[in-house]
Amino acid sequence: MLVDRLVFQMFEPRQGRASIYQSSMKPQEHSSVLIALDWINCPAILLDRNGSVLAVSGKAPDAFDSEFSVRGRRIYVADYQSRTRLEELLDRARLLSGRQPPPVSRLVINRVSRRPIVIEAIPRRSGSGSLPCDVGLLLLLTDLDEAPVISRASLMEVFGLTPAQAQVASLLVKGKSLEDIAREMNISSGTARNHLKAVFARTATRRQGELVSLLSRLQ
């Protein structure tokens, strides 16, 4: 997995902007990991071997709300069952500390007011000597309530779309209907449909669902 290789390979210490929560460690000791995660636009939380929060990536707070957040150095989860599953995962990681790490695992944090957050938990690999010694677990966050953002410049470069076609395509990926797109772009529904037909032709797709699935890979 790209993220697994990128984050847990050896890093040389680098200075950089990073969102650091309360931690006994110097920010620069975590900045390499967090900078790498921010480069790939990935919300993440670094935990020590006891399950305490060491740091978060710059995108992580976008997923925080009243039902899921970091309070002090602990992860707060409002949903009881989700909290129990998270605690069990952290307990397993703590018990296996220093032994063969458990495989990457996923869990779902349910929320009442929003769609769930999916957590991919990646344990520290043995031999990651350049990482601070108390880093034990990386949690990668996927907020299912967050609409994907696709760069219009990327759409124009990869598929040769015009600016108007790229705007239609990027708004479709955000879940907008063609009628909503026409209103937002201040164009007629017919013009919006023509732009969409051109996007279909340039991307070799035939349906909106197929198009959205293709373009989402550009994130």
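View 1. Strands (E, at least two residues) and helices (H or I, at least four) are DSSP runs, numbered from the N terminus. This is a predicted model, in which local features need pLDDT of at least 70 and side-chain atom pairs count only at pLDDT 80 or more, whereas totals for chains, interfaces and linings use all residues. Residues are numbered from 1 along each chain as its sequence is written, and side-chain values use heavy atoms, with hydrogens and water left out.

**View 2. The hairpin of β3 and β4.** Strand β3 (residues 68-71) pairs with β4 in the antiparallel sense over four bridges; pairing requires at least two DSSP bridges between two strands. R71 is opposite R74 of β4. Two residues separate the strands, and G72 adopts a positive phi near 65 degrees.

**View 3. Buried and exposed residues of helix α3.** S82, L86, L89 and L90 of α3 are buried (under 20% relative accessible area; exposed is over 50%, partly exposed in between, with a 1.4 Å probe and protein chains only). Down the axis of α3, the buried residues fall within an arc of 95 degrees, taken from the directions from the helix axis to the C-beta atoms, so they line one face. The face turned away from this buried side carries the exposed residues Y80, Q81 and L95.

**View 4. Contacts of L139.** L139 touches (heavy atoms within 4.5 Å) residues including P43, I45, I75 and I119, with residues up to four places away in sequence not counted.
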